[in-house]
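Dear colleague,

Please find below the structure I am handing over to you. A written account of the findings comes after it.

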Amino acid sequence: MDDATSQQICLERDRLLNDAEFARSPRMCKLLRFLVDYKLSGNKVPLKAYTIATDALGRDEDFDAQTDSYPRVLMGRLRRMLENFYLRNGGENRLSLAPSKYEIILEPNGRCSKSQTMLIGRRGASGEGIGRASTSHQSRAGQRSGVRTASQRRSRRRFSNILGISILLLLLSMWSYLFLLEREDGEIDYPRVALDFPVAQPGSESAERTKAISNHLVRGLNGFGGVRIFDMRPDPSEDSPYVIRLRFLDAAADQVEDQMELRLLDRGSGEIMWSKVLPLADEGILMLELDKAVVALVGSHGEIAQIEMSKLKDDYSAGYPCLLQFDSYIRYREPQKRKPVLECLENSVGLFPNDAHLLSILAFGANMQRGFDFESKYSGMDIARQAEALDHHSAMANFVIAQSAFLAGDCVTGAAWGKKAVQLNPQDPRISGYLGLYMIGCKDLDGEKYAARALELDPNADLTVAAAVAFQMLKRRDAEAAKQLSSEYIASSPRYDPSLELTYILSSAMLDDREEARRAWKILTGRYGLTEKSPAREVLSRWIVSPFLIDEIMTVFDGVGMAEKMG
């Protein structure tokens, strides 16, 4: 390695280490430094998983690389972080990870893809050049030995065919092995999404705007754990079934400002699966609309999740199918799905123990099932801590620590971890919505702000979150607004939600519509095998886990005078 190459590797390393995404992950910074230092040392011995684990990642000497895929998982994460960095920041050169190796390499930013290189290599190894050499060799051999018999020629053809098939099978086996290594053994096969964003001319008027919008979208898309994001330009052969395309539209004759369009495309057919045109005039409005677009594309109930769910339907297989089923259960709360969903999550963790997103969802599920008929063998807080240890900047991992703390009655710890989770991914309505819900239960005045943010981002936000916002309206004695919001979500809901029904009942009682309040209360209690005379606290405990939230609701319940109005 010459001095110029060494210097360029150091410059790229320093660019990466100064990036905010790397700064939030000391473990990935340590791994990057280790790989670069090893490269610069000139050591020709290939690094092994054991060396990576013990020397770079701090594992004990008894680490077993055969059974523990931790180094491969972190190398996969480093590969994605490198892709995302160069997607956001560009540059003439870039650092990459060599295919199927623990080796950092320097290459031009805009390289020939690995699969193209393999194809060229195969052509060079068995294509026309070798064919010509073989033909001339056969010709010379024929001149020496004379004309062979027909039987000899048939035997030779059969041998050639068998040899050719054997070589082809060997090549396919090698290719399959390399492909599996490239997909990182031990990782869930999340949907892969290629980004096709415009590159503005440096120094042009639109360059800064283009960079700001692209960076905002990339950070938002990467904040969700259920997809894998790649840049379409450096590796056009990346096997992503989806493409998110951004383009700027020229202003029409009767318009003052330009517009931009986001599209979700089926990469194979080119079909437009989703699109949205956004105005560029007001930066505040634009950023909010971009956040909504991110949720609509890659959120728990977004377009990609819905497309994938239509393929998998009732598939409870370990990994991504199970995660889809969990999201469906959270949205529709079908009781018959609760047990198989939690069972498949536990099975998934057995197969993918180093996937922080999966562990986070298992912790969320373990917390949500408290009080139901399925007892998970995992503790929500324990599994949440494991998820956060694997990925410090996973928003969902940070949130499930917050959720576990809230449910244990520790509002201070819950709020601290929850706010950190929102900072890591302010676009996730599940995080902001549930954080608002728990903070309201802890009488934290910021709770309504987070819950309202979730409703603003996602029309499919959890109905319990809508109920929390309506509940805060009731506390301000704004019964009209609370009833309108409750009625609106009840009418558009794919399922009934007891919390929404409760806010509807309380707002009806507050407006002195006693008959409607009694009717709705009778229906609500009947769903849980109770009667309208059952104690309110007993009814609430059938679906509300947090004792703080029950206490808060009972305060409003008593303030409305429900006991008198319902009697």
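The notes below go from the whole chain to one helix and then to the aromatic rings.

This is a predicted model, in which local features need pLDDT of at least 70 and side-chain atom pairs count only at pLDDT 80 or more, while totals for chains, interfaces and linings use all residues. Residues are numbered from 1 along each chain as its sequence is written, and side-chain values use heavy atoms, with hydrogens and water left out.

**Overall**

The protein contains 26 helices and 7 strands (DSSP runs, H or I of at least four residues for helices and E of at least two for strands, numbered from the N terminus). Of its 567 residues, 49% are buried (under 20% relative accessible area, with exposed over 50% and partly exposed in between; 1.4 Å probe, protein chains only). Among contacts (heavy atoms within 4.5 Å) with a separation of 6 or more, 59% join residues 24 or more positions apart. The accessible surface is about 27700 Å², and carbon and sulfur atoms hold 52% of it (Shrake-Rupley method, 1.4 Å probe; for residues, only the protein chains shown count as cover).

**Helix α5**

Gly90 follows α5 and has a positive phi, near 65°.

**Aromatic rings**

The search of the whole structure gave 10 aromatic pairs (rings of Phe, Tyr and Trp, the last by its six-membered ring, with centres within 6.5 Å; planes under 30 degrees apart are stacked, over 60 edge-to-face, the rest tilted). Phe34 and Tyr38 are a stacked pair, because their planes stand at 25°, with the ring centres 6.5 Å apart. Both residues belong to helix α3 (residues 26-41), 4 residues apart, about one turn of the helix, and both are buried. Phe85 and Tyr86, by contrast, pair edge-to-face, with 5.0 Å between centres and 90° between planes. Phe85 is buried at 3% relative accessibility, and Tyr86 is buried with a relative accessible area of 3%.

One aromatic cluster is formed by Phe326, Phe364, Phe399, Phe406, Tyr434 and Tyr438. Over the ring of Phe364 sits the charged end of Arg430, 5.5 Å from the ring centre (NZ of Lys or CZ of Arg within 6 Å of the centre and within 35 degrees of the ring normal). Arg209 likewise lies over the face of Phe248, 4.7 Å from the ring centre.

Yours sincerely
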